[in-house]
Amino acid sequence: MRIGLTGGASTPDKIVKQARQAEQDGFHALWYASVVTGDPLVAMALAGRETSRIELGTAVLQTYPCHPLLQANRAASVVATMGRPGFTLGIGPSHESVVRDAYGMSYDHPGRSTEEYLTILGPLLRGEDVDFQGQDWSTHSAGRMTPLTHPVPVLLAALSPRLLRIAGEHADGVVLWMAPPKAIETHIVPRLSAAASAAGRPAPRVVAGLPVAVHDDRAEARTATAATAAGYAGMPNYQRILALGGADTPSDAAIVGDEASVRAQLEALISAGATEVWVNIVPVGDTREARVASLRRTTSLLQELLD
């Protein structure tokens, strides 16, 4: 099983240390939110330079605040600093509450905006000049794109039918959060795969992200995961994907239980069509010692499942 972990720490030095440890432990990837160290790209570039094989991906960078030509050049800077392949650019339109309320930008057409964004970004990352005039995004890139020293795959945070179609047509796959196995099997994979096939693109990646805790007391574990995922409960896109997956709340979608149960639930994600798993390990316990023991127990099981 291909397993990645949530990346992030309070300083670039700690991010580098985490990446070295995750690679040493055999994990395939680390996934970084846009808020890590204010912007994760510098720390990721440093971590990539200090490792040799682990994939480092954003999950995800917001599209609205950053023009796609600038985003492509930021990616080129990261891979040049890393000096090796392994950087993956995960992007998404974020949420109305962030784009409109925090940034003061329009969120009236997120689907159209995302499609135009990828229409520009994808070719730029393939080394092509782009001359495109859209309703939300435009660029005339000749001479303004830094050549990439290594390929940069693009994943889209896509849950809705329209974004899944866009991901299939324009991206290398999707990076998911809070999508239960049933939603992946019945909603995400069929739409994504059909769109990729119709566009003549390779089979897409499906990175499935969920909170995970190996713990004998499931109720206690779900309480712990709820504390880390409360912000998603009120977001309409997550509410819809949870409902499609048969979960009422984010904590219902979390993967918790003893080793046998968690193993079965992770395998169910792969059987549903995920190509790999992104695990956010949630420590459980009332004391520091208990939480450390919980983290080690979960990590140990994940290492047993690595391919």
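Helix H1 (12–24) contributes the most to the lining of the second largest pocket, with 5 residues. Helices (H or I, at least four residues) and strands (E, at least two) are DSSP runs, numbered from the N terminus. The model is predicted: local features need pLDDT of at least 70, side-chain atom pairs count only at pLDDT 80 or more, and totals for chains, interfaces and linings use all residues. Residues are numbered from 1 along each chain as its sequence is written, and side-chain values use heavy atoms, with hydrogens and water left out.

At least two lining residues of the second largest pocket come from each of strand E1 (3–7), H1, E12 and helix H12 (288–305). In the largest pocket, helix H9 (residues 236–244) gives the most to the lining, with 6 residues.

A pocket is an open set of points on a 1 Å grid over the protein atoms alone, where a 1.4 Å probe fits, with protein on both sides within 12 Å along at least five of seven lines; lining residues have an atom within 4 Å of a point. A volume is the space filled by probe spheres set on the points, which are joined across faces, edges and corners.

| Pocket | Volume | Lining | Nearest the centre |
|---|---|---|---|
| Largest | about 1200 Å³ | 46 residues | Ser94, His95, Tyr232, Asn237, Tyr238 |

Ring pairs link Tyr232 and Tyr238 with Trp177 and Trp278 into a cluster; rings of Phe, Tyr and Trp (its six-membered ring) pair if their centres lie within 6.5 Å, and planes under 30 degrees apart count as stacked, over 60 as edge-to-face and the rest as tilted.
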